[in-house]
Amino acid sequence: MAVLEIKNLHAEVATEDGEKILRGVDLEVNSGEIHALMGPNGSGKSTTAKVIAGHPAYEVTEGEVLLHLDEDDFGADFEIPEDKRTWDLLDLEPNERAALGVFLGFQYPAEIEGVTMTNFLRTALNAKLEEREELFEDEDEAEDEEEDVGYDTSPMEGPVDEGEVGVAEFQQLLKEKMELLDMDEKFAQRYLNAGFSGGEKKQNEVLQAAILEPSIAVLDEIDSGLDIDRLQDVSKGINALRDEQGTGILQITHYQRILDYVEPDMVHIMLDGEVVMEGDASLAQELEAKGYDWVREEVYGTA
Amino acid sequence: MSSEQDHLKETDTEARFEFKKEQKAAFKADKGLTEETIRLISEDKDEPEWMLQRRLRALKQFQKMPMPTDWPGQPDLSEVDVNEIVPYIRPDIETRGGAESWDDLPEDIKDTFDKLGIPEAERNALSGVGAQYESEIVYQNMQEQWQEKGVVFMDMDKAVQEHPDIVKEYFMTKCVPPSDNKFAALHGAIWSGGSFVYVPEDVTVEMPVQAYFRMNSEGMGQFEHTLIVAEKGSEVHYIEGCSAPKYSAFNLHSGGVEVFVGEDAHVQYSTVQNWSKNTYNLNTKRAIVEKGGRMEWISGSMGSKATMLYPASILKGRGASDNHITIAFAGEGQNIDTGAKVYHNAPETKSTIESKSISKDGGRTNYRGLVHIADGAANSSTSVECDALMFDNESTSDTMPYMEINESTVDVAHEATVGKIGDEDVFYLQSRGLDDDDAKQMIVSGFIEPITEELPIEYAVELNRLVELEMEGSLG
């Protein structure tokens with residue numbers, strides 16, 4: 001079981017005199033669990049998500065973001081040695097975090113023209129697997145790797161090294177995952193998010209998580225801009241991530257609505273850069289009924 | 001991977017593009033450019049008198065013409081001193097005008113081309129290879145089936161001897177006269193090597209014809225001439241790839257390309273240019289397109305210190321058409337000034353120009369183009385699209401698409417975009433597992449995708465790989 005542990009996280013915008021946004025966030029998400037992170041606009045939810053993933057626009061001034069892994073978190077064939085079971089994500093590049101199984105579902109996914117979904121996802125999956133190997137490699141082994149750079153073939157010929165997951169195998173995988181999410185198979189040949197509707201983009205974020213099989217997925221307002229049918233598709237996808245891959249979900253949302261379909265094990269409420277209240281699914285319902293003024297009153301004794 | 005390619009495993013990227021061979025030349029002209037030098041070159045090649053006279057006339061024109069210096073944003077040519085270049089070097093081999101088979105070549109030259117992947121490429125896909133090692137074609141081969149149909153693909157020097165009538169008619173007469181520009185004049189005086197392609201009426205050469213050019217001696221220039229004559233109803237695709245190892249003294253490449261597209265003929269001319277980062281690449285390429293003919297120029301400019309290259313099509317006959325596809329990549333210290341020129345001189349002519357440029361680490365790319373629609377070229381149409389992508393604030397990109405429209409019943413479309421690579425886009429891809437370089441590489445390959453998807457597969461692969469290498473900064 002993987003655990004994402006955020007301890008006393010402080011972060012500010014990475015500019016001179018950057019605004020302080022996070023003021024001591026504590027949060028823990030286990031794989032296989034669904035957590036909801038709620039809070040008013042500007043309370044620091046999205047910043048928390050971006051800092052977990054390593055967004056360069058924020059600077060962490062204090063605290064830790066740890067990922068604890070179990071021996072078998074990467075499957076039976078991949079034994080994680082004892083001294084490499086806890087990682088401080090703040091020391092790692094965004095792609096290294098991804099390789100360890102941390103996924104960020106974006107509120108506004110980027111549109112990349114000219115890169116097909118299939119090409120992108122297969123490249124990402126292979127890059128993730130390769131980076132993971134490197135992270136767990138002994139240092140002597142790593143040095144040997146370095147010598148093996150450059151072309152294996154003439155530039156006149158196609159790439160020989162297809163990566164761990166070959167084209168045919170990947171296409172099968174993609175097809176299965178798309179069926180699961182009820183996505184039209186023509187998506188596979190479209191350019192990444194280019195010209196996608198808001199709903200299609202969100203569905204695509206869930207598809208990517210399904211392909212990359214993260215231990216922990218942080219989903220930033222995955223429910224915003226979805227109509228009711230799409231909301232159900234996306235919810236089904238999120239539940240499948242948990243049920244079939246054992247992914248731990250940290251779901252950032254403004255609305256109770258999605259929580260009717262994706263029932264959280266735990267709800268965390270943020271105010272002014274901190275997590276101020278925690279509870280089970282009923283907390284979200286209470287919040288829906290009473291609003292954030294109620295939270296303020298409970299926490300600060302004043303509305 | 002096949003066993004023939006095993007040697008490639010042992011070389012890293014750097015070695016593959018920066019290898020240089022010890023120079024063994026049989027003949028080396030003294031430095032400097034004089035009438036004396038020209039006579040020596042011509043004599044050494046056993047050229048007929050008419051060719052010598054053309055060279056001397058071109059030399060006079062070169063000496064009269066001023067250096068171009070007043071184009072806005074143009075590369076700085078002040079370091080180009082023609083007298084400092086040894087204009088003509090012939091590799092030390094016994095066979096003139098090309099060895100018959102690969103095995104006859106000296107080991108070091110074979111090795112050079114092996115590293116470029118030429119024999120594999122030929123075996124796999126190409127119908128003829130002319131590889132120019134320095135100034136002479138050392139290897140020529142055309143598959144027999146094309147020879148039987150009368151297709152000619154040979155070293156340009158050899159063509160002067162063997163096909164004097166055709167060469168005399170077309171060589172720097174009506175397409176690119178030496179008076180065209182200073183470097184065309186220089187080229188006319190000291191040209192050496194290159195390819196001659198002749199495709200008879202109604203013959204289609206199904207596989208691309210390819211030539212590779214390399215510069216391998218310090219301070220030398222390369223001035224190859226390519227002449228393609230495609231008769232009525234014929235079809236041919238010519239691929240030229242260029243690269244040079246890295247040197248401290250500057251190199252000058254000033255090639256000349258002339259293409260004659262006959263009635264309803266179709267010629268595609270593709271170039272991958274990957275000269276080393278001290279080369280001045282100043283070329284003149286032009287096609288004359290007859291009625292119903294079609295010319296396609298595909299250019300990838302990756303290397304060189306400075307490139308000035310504007311392939312031109314003169315649409316002479318009714319219904320002639322042109323398609324330009326240009327990709328330029330400028331890194332640190334590079335100024336890649338490319339573009340396209342099209343002259344619509346007849347009714348119902350059509351041109352499409354697509355240009356994509358990428359600049360990074362302070363590099364500069366310019367798109368400099370001209371579309372001229374003559375009075376009377378009724379119902380013609382042109383579409384120009386140029387997009388520039390910059391990696392950082394230090395890099396520059398300019399777009400100068402000139403249009404001269406002298407006819408009212410025409411359809412003109414123009415679109416230009418300039419943008420910087422987005423940090424959010426890079427982060428998005430990184431969060432999925434790609435490292436910083438791979439993420440940028442993916443964005444760039446997406447940016448040029450509309451162009452690469454139109455290329456033959458092996459060419460698209462090579463171009464993508466060169467862009468990839470440029471981005472790794474591992475090319476000299």
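Predicted model: local features only at pLDDT ≥ 70, side-chain atom pairs only at ≥ 80, totals over all residues.
Residues are numbered from 1 along each chain as its sequence is written, chains are lettered from A and ligands numbered from 1 in the order in which they are written, and side-chain values use heavy atoms, with hydrogens and water left out.

User: How is the angle between helix α5 and helix α6 of chain A classed?
Analyst: Helices here are DSSP runs of H or I with at least four residues, strands are runs of E with at least two, and both are numbered from the N terminus. Helix α5 (residues 167-180) of chain A packs with helix α6 (residues 198-212) of chain A at about 130°, the axes being 10 Å apart. Axes are lines fitted to C-alpha atoms, for helices over the stretch in contact, and angles run from 0 to 180 degrees between N-to-C directions. Angles under 35 degrees count as roughly parallel, over 145 as roughly antiparallel, 65 to 115 as roughly perpendicular and the rest as oblique, so α5(A) is to α6(A) oblique.

User: Which residues of α6(A) meet α5(A)?
Analyst: Contact means heavy atoms within 4.5 Å. From α5(A) come A:F170, A:L173, A:L174, A:K177 and A:M178, and they meet, in α6(A), A:L207, A:A210 and A:I211.

User: Is A:N193 buried or exposed?
Analyst: A:N193 is found in the loop between α5 and α6 of chain A. Its phi is positive, about 65°, although A:N193 is not a glycine. Buried means under 20% relative accessible area, exposed over 50% and partly exposed in between, with a 1.4 Å probe and protein chains only. Because its relative accessible area is 0%, A:N193 is buried.

User: How many of the residues of helix α1 of chain A are buried?
Analyst: The buried residues of α1(A) include A:K45, A:T47 and A:V51. Helix α1 (residues 45-53) of chain A is mostly covered, and of its nine residues the buried ones number seven.

User: Which strands are the edge strands of the six-strand sheet in chain A?
Analyst: Six strands of chain A form an open sheet with mixed pairing, in the order β6-β7-β8-β3-β9-β10. Two strands pair if DSSP finds at least two bridges between them. Each edge strand pairs on one side only, and these strands of chain A are β6 (102-105) and β10 (274-279).
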